[in-house]
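Thanks for coming. I will go through one model today, taking the helix packing and a few single residues in turn.

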Amino acid sequence: MPIRYTRKRAHLEECCTVEEALGLVAFLAERPGASVALARCTALHGALVQVLLAFRPPLHGAAPAALAPLLPALTRAPDPETD
C-alpha cells in the first residue's frame, strides 16, 4: 500500500498514485494537526500534491526530487489574497 496511516501521520511510500488521493483527504480532514512523511516516497501523483497544497500538513523527510520545486508552496501558510 503506497500510503501507510498511523494515528497522527500518513507515510507516503514508493509510487503514490491518484487512487490514494481520497484516502489522504479523509485522513487529513479527520485529524487536524496530522503530518505527512515523504522519506520513502519515490513518486507522487499531481492529485496528491493538490491534497498537500489544500491541507498544508507538516511534512517530514526528504521529498522526491520532482517535488522539490513545490516544497516552498507546500510548507508556507496560505495567503488569503492569492490562494
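In which strand is Glu 14 found? Glu 14 sits in strand β2, residues 9–16. Before going on, some ground rules. This is a predicted model, in which local features need pLDDT of at least 70 and side-chain atom pairs count only at pLDDT 80 or more, while totals for chains, interfaces and linings use all residues. Residues are numbered from 1 along each chain as its sequence is written, and side-chain values use heavy atoms, with hydrogens and water left out. Helices (H or I, at least four residues) and strands (E, at least two) are DSSP runs, numbered from the N terminus.

Back to Glu 14. Its phi is near 60°, a positive value in a residue other than glycine. Most residues other than glycine have a negative phi. Glu 14 is exposed, at a relative accessible area of 54%. For accessibility, buried means under 20% relative accessible area, exposed over 50%, and partly exposed in between, with a 1.4 Å probe and protein chains only.

Arg 56 also is not a glycine and has a positive phi, of about 45°. Arg 56 is placed in the loop between α2 (46–55) and β4 (59–60), just after α2. Is Arg 56 buried or exposed? With a relative accessible area of 19%, Arg 56 is buried.

Now the helices. Two packed helices are described by the angle between their axes and the distance between the axes. The axes of α1 (residues 21–30) and α2 come within 9 Å and cross at roughly 15°. Those axes are lines fitted to C-alpha atoms, for helices over the stretch in contact, and the angles run from 0 to 180 degrees between N-to-C directions. The two helices are therefore roughly parallel to each other; the classes are under 35 degrees for roughly parallel, over 145 for roughly antiparallel, 65 to 115 for roughly perpendicular, and oblique for the rest.

On the α1 side, the contact is made by Ala 21, Leu 24, Val 25, Leu 28 and Ala 29, and on the α2 side by Ala 47, Leu 48, Val 51, Leu 52 and Phe 55. Contact here means heavy atoms within 4.5 Å.

Next, the core. The largest nonpolar core has 20 residues, of which Leu 12, Leu 24 and Leu 44 touch the most other members. Such a core is a set of buried Ala, Val, Leu, Ile, Met, Phe, Trp, Tyr and Cys residues joined through side-chain atoms within 4.5 Å. At least two residues of this core come from each of β2, α1, β3 (35–44) and α2. The most are given by α2, with five. Leaving out residues up to four places away in sequence, Leu 24 touches Ile 3, Tyr 5, Ala 10, Leu 48, Val 51 and Leu 52.

Leu 74 lies in helix α3 and is buried, at 2% relative accessible area. Beyond four places in sequence, its contacts include Val 49, Leu 52 and Arg 56. Lys 8, in the loop between β1 and β2, counts as exposed at 58% relative accessibility. Lys 8 and Pro 32 are 24 residues apart in sequence, and 8.9 Å apart in space, C-alpha to C-alpha.
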